Amino acid sequence: MISYMTTLSPAGGEPSVSARSRYSIAWLRSLGEQSLFIGSRLLWALFILFVIAYVAFAGLEMARGTQPLEALVIGWQSLLQWLQGILHGSLGSSYSVSLGSRPVAVTEVLPRMVMRSLVLLAATMLIAFAIGLPLGFLAARHRNSPLATFTLLLSILGASLPSFFVALLLQMAVIAWVQRTGGPAPLPVGGFGFDAHLILPALVLATRPIAQLARISFLSLDEVLDQDYIRTAWAKGLRETSVWIGHVARNAAIPITTTIATSLRFALSSLPVVELYFGWPGIGYNLLRAIGFRDDNLAVALLVSLGALFI
């Protein structure tokens, strides 16, 4: 109390000049620590992207039959040339996506490819959130019933099935529907378009995120339901809606929200296979195509884009 009163002016009780200066110094110190933390993370991310680019150049050389040591040297030289081009605003030229014999600039085609994949990933995470979270909630609400066991088994199955197998099953289901009804296909089984063409590839990419989100949400809610404060809330006679929304959901929100973000890596890991399978010309499809055509500039740019999404 004495030390606090010495920081007040005799007239109006406002902090003295020395107190305000200490507050300013503490605020500046906190700002500096945050800036240092963010700057270090950004530098580390930039270093990781450079490593990805170098490994990509060296790996593409090894894939052509070059000896490992020679490929490492060539990869370093290619990386230096690539970085020099970046300083001049260029990522090189690509001929695997050109319609004719004339190559096109990577900076011209890269944004369209990234945007197509981002739209597909956004639809994927939306589907995963809309299906996985209600499944986990229902399993937690009926945790002593067979529904909870079925949800856990379903989540294990969804996380274990390969993406191409899920895509094959969905396409066979659409074909069987057409054969049985004799009408048009309810969903396109391939091709590109920001319409119904999004549904099947997004469902395939969302399989593992749905499984992960359903499992984590069920386990988080189940753990919260066993806490003492939940029993106290029930004992007070609170309404079921108030208990679930005000106590259970709020305390389980942190691990569930974290799972929504981290489950994106499952979709990213399957992105090239799914895009190639459905003919979706995004990052993954053009990456595999660029590797097949030995289009190093485009392949490295797409790999770095994938690395940036992971980071």
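Helix H7 (199-205), H8 and helix H11 (264-278) are among the elements that cover the buried residues of H6. Welcome to a short tour of this predicted model, in which local features need pLDDT of at least 70, side-chain atom pairs count only at pLDDT 80 or more, and totals for chains, interfaces and linings use all residues. Residues are numbered from 1 along each chain as its sequence is written, and side-chain values use heavy atoms, with hydrogens and water left out. Helices are DSSP runs of H or I with at least four residues, numbered from the N terminus.

**Helix H6**

- The 19 residues of H6 should span 27 Å at 1.5 Å a residue, and the end C-alpha atoms are 27 Å apart, which agrees; the expected span is 1.5 Å times one less than the number of residues.
- Ser-163, Val-166, Ala-167, Gln-171 and Val-174 are the buried residues of H6, where buried means under 20% relative accessible area, exposed over 50% and partly exposed in between, with a 1.4 Å probe and protein chains only.
- An α-helix has 3.6 residues a turn, so residues three or four places apart point the same way.
- Gln-179 and Arg-180 are exposed on the other side of H6.

**The largest pocket**

- The largest pocket holds about 310 Å³ of space.
- A pocket here is an open set of points on a 1 Å grid over the protein atoms alone, where a 1.4 Å probe fits, with protein on both sides within 12 Å along at least five of seven lines; lining residues have an atom within 4 Å of a point.
- Grid points are joined across faces, edges and corners, and the volume is the space filled by probe spheres set on the points.
- The lining has 16 residues, and Leu-154, Gly-158, Thr-207, Ile-210 and Ala-211 lie nearest the centre of the pocket.
- Helix H4 (106-141), helix H5 (146-160), helix H6 (163-181) and helix H8 (207-225) each give two or more residues to this lining, and H5 provides the largest share, five residues.
- By type, the lining has 12 nonpolar residues, four polar and no charged.

- Arg-294 lies in the loop between helix H12 (283-292) and H13, and has a positive phi of about 60° although it is not a glycine.
- Most residues other than glycine have a negative phi.
- Arg-294 counts as exposed, at 51% relative accessibility.
- The 15 residues of helix H13 (residues 296-310) should span 21 Å at 1.5 Å a residue, in agreement with end C-alpha atoms that are 21 Å apart.
- Leu-298, in helix H13, counts as buried at 0% relative accessibility.
- Beyond its neighbours within four places in sequence, Leu-298 is in contact with Ser-94, Ser-96, Val-97, Val-106, Val-109, Met-113, Asn-286 and Ala-290, contact meaning heavy atoms within 4.5 Å.
- Leu-306, also placed in helix H13, is buried with a relative accessible area of 9%.
- Not counting residues up to four places away in sequence, Leu-306 touches Leu-268, Leu-271, Ile-283 and Leu-287.

Notes:
Ala, Val, Leu, Ile, Met, Phe, Trp, Tyr, Cys and Pro count as nonpolar, Asp, Glu, Lys and Arg as charged, and the others, Gly among them, as polar.
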